[in-house]
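The questions below take a single chain from its overall build down to particular side chains.

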Amino acid sequence: QVQLVESGGGLVQPGGSLRLSCAASTSGFTFSVYVVRWYRQAPGKEREFVARIGPSDTYIDYSDSARGRFTISEDNAKKTVYLQMNSLQPEDTAVYYCNADLAGQYSYWGQGTQVIVSS
C-alpha cells in the first residue's frame, strides 16, 4: 500500500510563503509515472484542485487562484513533490492534500497538512 505524507503546513502571515511536501514512504514508488495533484479544502467548502504535475514533468497546470503564486515541482530522487506557495492570503487557508494517480487505475491520498494564513 502506497503511503503519501504531506508536511510543511503551518501558520503564516498574509504575504508570506510556505513550501509543502508530499513524500512517498513506500519503497520502490516513483512519482514520475503518476500524475500528482495538490488539492485543498477550506472549512465548509468542497475540495478544490490547486496544481498538478506529471507524469515525468510533462505537464504542469494550476488553478486560476494558484497561477503566478504557487509552483509545483518534483524530486524523484527524494520521492517528493513540492508546492511552493508565495504571497499567501487568508483565502488560501485550508487543508492541503496531495494525490498520486496512475491512469485512473491507482489513486493515493495523503492525510493532509493544515495551512492557516492569518495576521
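Throughout, a contact means heavy atoms within 4.5 Å. The model discussed here is a predicted one.

Q: With contact understood in that way, which residues does Met85 touch, not counting residues up to four places away in sequence?
A: Met85 belongs to the residues with the most contacts inside the largest nonpolar core. Once residues up to four places away in sequence are left out, the residues that Met85 touches are Gly16, Ser17, Leu18, Leu20, Arg69, Phe70, Tyr96 and Val115.

Q: How many residues does the largest nonpolar core have?
A: In soluble globular proteins, nonpolar side chains tend to be buried together. Here the residues with the most contacts inside the core are Leu4, Phe31, Trp38, Leu83, Met85 and Tyr96, and the core as a whole has 31 residues. Strands that each supply at least two residues of this core include strand 3 (18-24), strand 8 (80-85) and strand 11 (113-117). The number asked for, then, is 31 residues.

Q: How many helices and how many strands are there in the protein chain?
A: Read along the sequence, the protein chain follows the pattern β-β-β-β-β-β-β-β-β-β-β. The count for the protein chain is accordingly given as 0 helices and 11 strands.

Q: Is Ala24 buried or exposed?
A: Ala24 is found in strand 3, and its contacts, not counting residues up to four places away in sequence, are with Gln3, Leu4, Phe29, Phe31 and Lys79. Of these, Lys79 is 55 residues apart from Ala24 in sequence, although the two are 5.8 Å apart in space, C-alpha to C-alpha. Because buried means under 20% relative accessible area, the 7% relative accessibility of Ala24 makes this residue buried.

Q: Which residue in the turn between strand 9 and strand 10 has a positive phi?
A: Strand 9 (residues 94-102) and strand 10 (residues 106-109) pair in the antiparallel sense over 4 bridges, and Ser107 in strand 10 is the bridge partner of Asp101. The two strands form a hairpin with 3 residues between them, and the residue in the turn with a positive phi, of about 50°, is Ala103.

Q: Which residue takes a positive phi in the hairpin of strand 4 and strand 5?
A: Strand 4 and strand 5 run antiparallel and are joined by 5 bridges, with Tyr39 standing opposite Phe49 in strand 5. In their hairpin there are 6 residues between the strands, and the residue with a positive phi, near 75°, is Gly44.

Q: Why does the aromatic pair of Tyr34 and Tyr108 count as tilted?
A: The structure holds 5 aromatic pairs, and in this one the ring centres are 6.2 Å apart. Tyr34 lies in the loop between strand 3 and strand 4 and Tyr108 in strand 10, so the pair ties together parts that are 74 residues apart in sequence. Planes under 30 degrees apart would count as stacked and those over 60 as edge-to-face, so the pair is tilted because its planes stand at 55°.

Definitions and conventions. Residues numbered from 1 in each chain as written. Predicted model: local features only at pLDDT ≥ 70, side-chain atom pairs only at ≥ 80, totals over all residues. Heavy atoms only, no water. Pairing = 2+ DSSP bridges. Core = buried A, V, L, I, M, F, W, Y, C linked by side-chain atoms within 4.5 Å. Buried < 20%, exposed > 50% of the residue type's maximum accessible area, 1.4 Å probe, protein only. Phe/Tyr/Trp six-rings, centres within 6.5 Å; stacked < 30°, edge-to-face > 60°.
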